[in-house]
Structure formats: C-alpha cells, structure tokens
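Open the model in your viewer and keep the selection tool at hand. The stops below say what to select next and what is there.

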Amino acid sequence: MAFKLYAKGLSKSRAGLRTLEDVSFEQPQGSIYGIAGENGAGKSTLLKILASVLPRDSGSVFFGHEKVNASTEGDRYCVSLDDLNRWRELIAYVPQELALDDRLTVRETLSFWTAARGLSSSERKEQIELAAADPLISEFLDKLIRECSGGMARRVSLIVGLLGDPQLILLDEPFAGADNHSRQLMFERLSQLRSDGKTILVSAHEGEVLEQLSNRILHLHEGKLRDALPNNT
Amino acid sequence: MRLELRSARTAMLLTVLASIVLSVLIINFAKDDPGTDTEKLPVLSVAASIVDEDNSPLGQMLISYLEDISYVEAIYNDDMEQALERLEADDIVVILRLPPGLFEETRSGSQREAVELWLNPRKPAESNQISILVQQYATVLDYLYGSVFGYQKVYVELGGEESASWEESSRHSLNALIMYFGRDRYAQVGEHRPFNVLIHTYAGILMVLSLLPAMGVLAATGRMAGTSYEDRLILSCGSASMMAARLISGFIWWLILLLPPLLALALAGLIGSVFSIAIILMAAYFTLALIMLALGRVKAPYITTMLTGWLTFLIVIVLGGVIYPTSLFPDWLDKSAVFTPIYPLMQFLYRSLYQEGTVGSASLINALWPLVPAGFVAVLFGRRRV
C-alpha cells in the first residue's frame with residue numbers, strides 16, 4: 001500500500017516576518033524531493049517544521065495512506081505531525097550543522113546515538129554493527145570526529161540520522177562542505193534508500209545536485225512555494 | 001559524561017582532596033570546640049556586675065535570681081569602681097547599680113532613685129539585647145508594681161498593724177513578682193540558631209559544593225538550547241529524558257564533590273546520622289538545578305545566560321544565609337529571606353551540624369518545600385516547546 005507525505009497550508013512567522021507562507025505539497029513514498037531556494041527562502045524552516053523541532057503557526061502534516069484525508073487522520077495508516085511520539089519514530093532528521101560531539105570517535109558516536117534512542121542492548125549492538133558496515137563510514141570508525149574531514153563528518157552525520165530505520169528522511173544541506181567522493185557516496189546511499197521505499201526530502205543550494213538526485217524539486221521563494229517541478233531523474 | 005569526567009580529572013582529584021582535608025580539619029576543630037553541646041541555648045550570653053549600694057535583701061535576691069538564668073554567664077557582686085574596671089576590660093557587658101534605700105523606698109512606695117544600667121559600648125549587639133530585655137522587664141514591673149502597691153494598701157487596711165502589714169505584704173509581693181517573671185521569660189530562643197562560626201562556615205562550604213553542579217546544568221542547557229544538536233537529541237530521546245540526563249550528570253558531580261566530606265563526617269563519628277544532611281544537600285542541588293533548567297532556556301546569548309545564572313546563584317546563597325546568617329540583615333530582608341529556596345535547607349543543615357544530626361524527620365520534610373515550586377518552574381519553563 002503506497003504512502004504519502006502530505007503537507008497542507010504550512011505557515012510560520014518569526015519576529016514579525018513571514019518565513020513560510022501557506023506551503024502545501026504531497027510526496028509519494030519511495031521518492032526524493034529536493035527543496036531549492038535562496039538563503040532565507042524558508043528551506044530549513046520547512047524541514048525543521050516537518051522534523052517537529054520547530055512549531056508551526058498553522059497547517060497540517062501527516063504521513064500515511066493515499067486515501068487519507070483530514071477525517072481519517074489518526075487512524076493506523078496515518079501518522080500526524082501532532083502525534084509527536086509516533087511522528088518522531090517515523091522520521092530521520094539530519095540538520096544543516098553537523099550536530100556531533102567532536103570528542104567522540106565515529107564508533108562512539110554511533111553508540112551514543114543508539115543509546116539516546118533508548119534501544120535495548122541487543123538492538124543497539126545490531127544497529128551499531130549495521131551502521132558500522134555502511135561503506136559511508138566503515139573505513140574510519142575509530143577516527144575522532146574532530147579529525148574527520150568535512151566530507152567524512154557529513155557522512156557520519158547522515159548515518160547517525162538514519163539509525164533506527166526511518167520511513168521519512170529529512171536532510172538539510174547534507175552535502176555542504178562535502179568533497180566529490182563523499183558526495184558521490186551519499187548520492188548512492190540516498191538512491192538505495194529511495195529504492196528501499198524511503199521518502200526523502202533534501203534541501204540544497206546547489207541546483208545541479210538536486211537535479212541529479214531528486215524526482216521533483218520544490219522551489220521556495222520568500223517563504224512561498226513557487227512551483228513544484230517534476231524531474232526526469 | 002565520561003569524557004567530561006576524564007577531561008576534568010585533575011581538577012576533580014584536587015577538589016576531592018581539598019574537601020577531605022577541609023572536612024578533617026573542621027572536624028578536629030569542632031571536636032575541640034566546647035560550644036557544641038546539644039542543649040538548645042538562648043541567643044544571649046551575658047556577664048554582669050551588680051553594684052549593690054542598697055545592701056538590702058533585695059540585692060541578694062536579685063543576684064541569686066540572675067545566677068540561675070541560663071543565658072547569664074557570670075554575676076559579680078562589685079563596688080562601682082571594680083565594676084567599671086571589669087566593663088573596661090570587656091569582662092562584663094552590663095553593670096546594674098542598685099541605689100541606696102531602694103528596698104525601703106520600694107516597700108513604702110515613695111519616690112525612688114533610678115536603678116542604673118551601664119552598658120558596654122564595645123558589645124553593641126549584646127548591649128542592645130539587654131536594653132530590650134530591661135525595657136520589657138521595666139514595663140511589666142511598672143504595671144505589676146502598681147497592682148502590688150494597691151494590694152499592699154488593702155492588706156494594711158485589713159490587717160490593722162501598719163508596719164508588720166507592710167513588711168509581710170512586701171515580701172509576698174516580691175515573691176509574686178519573681179514567680180511571675182520566670183527565669184527565661186524574655187530570653188530569645190527564636191528561629192535563629194546560636195551562632196557558631198566554624199559550623200556555619202562548614203555548612204556554607206557544603207551548601208556551595210552541593211549547589212555548584214547546578215551551574216553545570218545551566219551551562220549544558222544554555223549551550224545546547226536551540227541548537228541542531230538539541231534538535232537531534234529531542235528527536236532521539238525527547239525533552240524529558242534530556243532534562244533528566246542533565247540532572248543526572250549534575251548529580252554525578254554532586255556525588256564526587258559531596259561524598260568525601262559526608263563520609264568524613266560519618267567516619268569521624270561527629271554526626272549521629274549523615275542521612276538527613278545528605279538528603280538536604282541533595283535537595284539543595286536539585287532545587288537550584290531545576291531552576292537552572294528553566295533559566296537555561298531563556299532566549300539570550302550564552303554568555304548572558306551564564307552571567308544571569310551566576311547572579312542568581314549569588315543572590316540565592318546570600319539570601320539563603322549561606323555566606324552570612326540572615327539575622328545580620330535588616331529586619332525586612334531577614335524576613336524576606338525565609339521565602340528564598342535555599343534558606344530552609346541551609347537552616348536545616350546548620351541545625352543538623354550543630355545538633356550532630358539529631359534533627360527530626362518532620363523538620364527534614366518541612367525543609368524540602370523549595371523542591372516543589374522549583375519542580376513546577378522546571379516543568380513549565382525548562383522543557384523545550386515544539
């Protein structure tokens with residue numbers, strides 16, 4: 001059964017300024033949507049709202065069955081953003097900043113974030129082993145984060161976000177500061193996730209990156225969604 | 001947490017050593033201090049000279065009466081010259097001069113020469129207390145004297161023989177007066193404990209050590225507030241778990257800082273039970289830490305948050321009587337201090353140390369009230385709202 005991400009009429013003001021205005025879109029399961037726009041266009045704001053780390057002024061978001069509508073919100077095929085606990089089990093969020101403790105090694109970082117998710121000891125072990133085997137980070141597991149290059153740290157940040165098998169993946173500028181090799185590895189990983197049926201929203205400054213990766217690009221301008229262009233990729 | 005402990009291990013080791021040494025030193029001093037008996041002593045401790053120029057039974061009665069009062073340290077029966085020498089040497093705080101003919105004039109009810117009170121100007125606190133006490137006695141005495149004098153007149157009218165009746169009635173009247181007053185009636189035994197600098201200092205150090213980890217809670221909260229790292233943590237474990245983790249991290253620091261002195265107290269046998277002291281110090285930490293959880297969420301630059309935090313810390317320890325006893329403050333501030341969060345905890349701690357850990361559990365529970373409002377503050381303002 002196909003699921004979709006529904007965002008309807010999302011608005012947000014900050015310090016009297018409208019940072020997001022009536023943004024609505026639908027995204028099917030197993031797709032990558034890019035979010036493009038200038039600085040201050042509202043890309044990060046949109047992703048933070050979807051990640052449930054920033055409250056919205058109005059609008060609704062849910063992830064569920066295609067036939068879902070407002071009246072069926074809350075049934076077992078639909079998870080609303082308002083149902084925080086269930087929503088947070090569903091999503092992964094990789095913020096624009098690295099948001100990693102640079103005193104830890106990559107392996108310790110994995111251990112910390114699996115522990116933070118409150119997993120049992122055996123689940124943690126399993127998750128760490130899975131993540132450690134990922135080609136994105138498997139070569140430098142014992143390296144301190146502070147000793148990692150920008151690209152390596154970005155890869156670690158992505159892997160940390162993917163812990164726990166999320167269905168909806170929200171990536172805010174995941175390629176910023178990453179070298180070509182790292183970028184290529186991340187591309188491959190995201191394509192694989194799409195093939196596995198994950199729904200991915202990714203923001204980036206670089207238009208060509210989004211064109212290469214996304215099924216569709218959402219263009220934000222001064223908080224408004226200008227158009228949603230389909231992409232051939 | 002492990003990383004933080006690892007990076008701070010040298011400072012931590014020094015702190016633990018310092019607190020052990022301090023505890024041992026203070027315990028040794030306190031053991032030698034004779035002033036730590038468990039009896040509930042009055043605030044005042046007075047040595048006085050009586051200059052009895054009346055040489056009547058009244059002077060002797062007064063001396064024996066005063067000697068039995070618990071807050072009177074020593075009573076000397078001097079002439080005026082000796083008494084003034086003692087006052088100069090600060091051996092006494094007050095001279096009480098009974099003028100010649102006092103007893104006769106009192107008996108007859110005629111105009112009498114004033115009883116003189118010479119107070120030591122170098123001991124203003126004690127002198128002030130004595131003058132308050134004397135004023136209280138004098139007011140009551142005037143009232144009673146008027147009543148007793150009236151009673152004497154009635155007695156004479158009933159008894160017939162005038163001089164025998166006067167004598168008999170005066171004796172009864174004086175006995176009645178003394179019975180009425182009671183020995184300690186005006187000795188202040190109120191809220192404030194008898195002050196022992198050493199114990200207060202030690203209580204203050206323990207309190208500051210227990211409050212310091214709360215500043216770590218503030219630092220962690222303020223540094224992380226609104227960052228992507230916090231976003232990630234909230235998504236992983238939720239806001240409540242994050243708050244709990246900060247409190248637990250601070251508590252581990254509390255254990256590191258407070259266990260050595262508490263163990264030293266227990267092992268030295270100076271305190272009957274350190275349990276109540278540990279509970280009260282723990283409550284002090286959690287009270288301030290809960291407040292700091294809320295303060296750390298204030299939308300301000302990190303440095304401003306920290307400065308505000310330290311200012312709060314300072315206000316809380318000063319008004320809590322951690323640095324100075326609040327009885328030294330102006331009256332209004334002393335009364336206001338009662339409502340500050342650390343005050344009841346510090347009072348309990350000082351009393352526990354003073355009474356060697358024998359304060360009752362009811363008092364302990366009463367002293368824990370600041371945890372309740374602090375908990376509300378943390379729940380209302382300490383959670384990140386999404």
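**First stop: a leucine in chain B**

Select Leu211(B) and show its surroundings: setting aside neighbours within four places in sequence, Leu211(B) is in contact with Ala284(B), Tyr285(B), Leu288(B), Phe313(B), Ile317(B) and Ile342(B). This is a predicted model. Leu211(B) belongs to helix α8 of chain B, residues 197-224. Is Leu211(B) buried or exposed? Its relative accessibility is 0%, so Leu211(B) counts as buried, the cut-off for that class being under 20%.

Now pick one of the contacts, Leu288(B), and draw a distance between the two C-alpha atoms. Leu211(B) and Leu288(B) are 77 residues apart along the chain, yet their C-alpha atoms are separated by 6.7 Å.

**Second stop: chain B as a whole**

Chain B has 386 residues, and 45% of them count as buried. Among the contacts in chain B that join residues at least 6 apart in sequence, 76% are between residues at least 24 apart.

Select residues 57-67 of chain B, which form helix α3. Which residues of this helix are buried? They are Leu58(B), Gly59(B), Ile63(B), Tyr65(B) and Leu66(B). Turn the view to look down the axis of α3(B): the buried residues fall within an arc of 165 degrees, so they line one face of the helix. As background, an α-helix has 3.6 residues a turn, and therefore residues three or four places apart point the same way.

**Last stop: where chain B meets chain A**

Show both chains and select the residues in contact across them: 15 residues come from chain B and 26 residues from chain A. The area buried between the two chains is about 1800 Å², with carbon and sulfur atoms giving 60% of that area. Next select Tyr229(B), Arg232(B) and Leu235(B), which supply 41% of the area that chain B buries against chain A, more than any other three residues.

Then highlight α1 (2-7) and α9 (228-237) of chain B, the elements that give two or more residues to the side touching chain A. The largest share of that side, nine residues, comes from α9(B). Coloured by class, the side of chain B that touches chain A shows seven nonpolar, two polar and six charged residues.

How many salt bridges cross the interface of chain B and chain A? The rule finds zero. Polar contacts between chain B and chain A number five residue pairs, with both residues at pLDDT 80 or more.

Terms used
Residues are numbered from 1 along each chain as its sequence is written. Chains are lettered from A and ligands numbered from 1 in the order in which they are written. This is a predicted model: local features need pLDDT of at least 70, side-chain atom pairs count only at pLDDT 80 or more; totals for chains, interfaces and linings use all residues. Side-chain values use heavy atoms; hydrogens and water are left out. Contact means heavy atoms within 4.5 Å. Buried area is the accessible area (1.4 Å probe) that two parts lose on being put together, summed over both. A salt bridge is a side-chain nitrogen of Lys or Arg within 4 Å of a carboxyl oxygen of Asp or Glu. A polar contact is a pair of N or O atoms within 3.5 Å; within protein, one must be able to donate a hydrogen and the other to accept it, and residues adjacent in sequence count only if both atoms are side-chain atoms. Helices (H or I, at least four residues) and strands (E, at least two) are DSSP runs, numbered from the N terminus. Ala, Val, Leu, Ile, Met, Phe, Trp, Tyr, Cys and Pro count as nonpolar, Asp, Glu, Lys and Arg as charged, and the others, Gly among them, as polar. Buried means under 20% relative accessible area, exposed over 50%, partly exposed in between (1.4 Å probe, protein chains only). The arc is that of the directions from the helix axis to the C-beta atoms.
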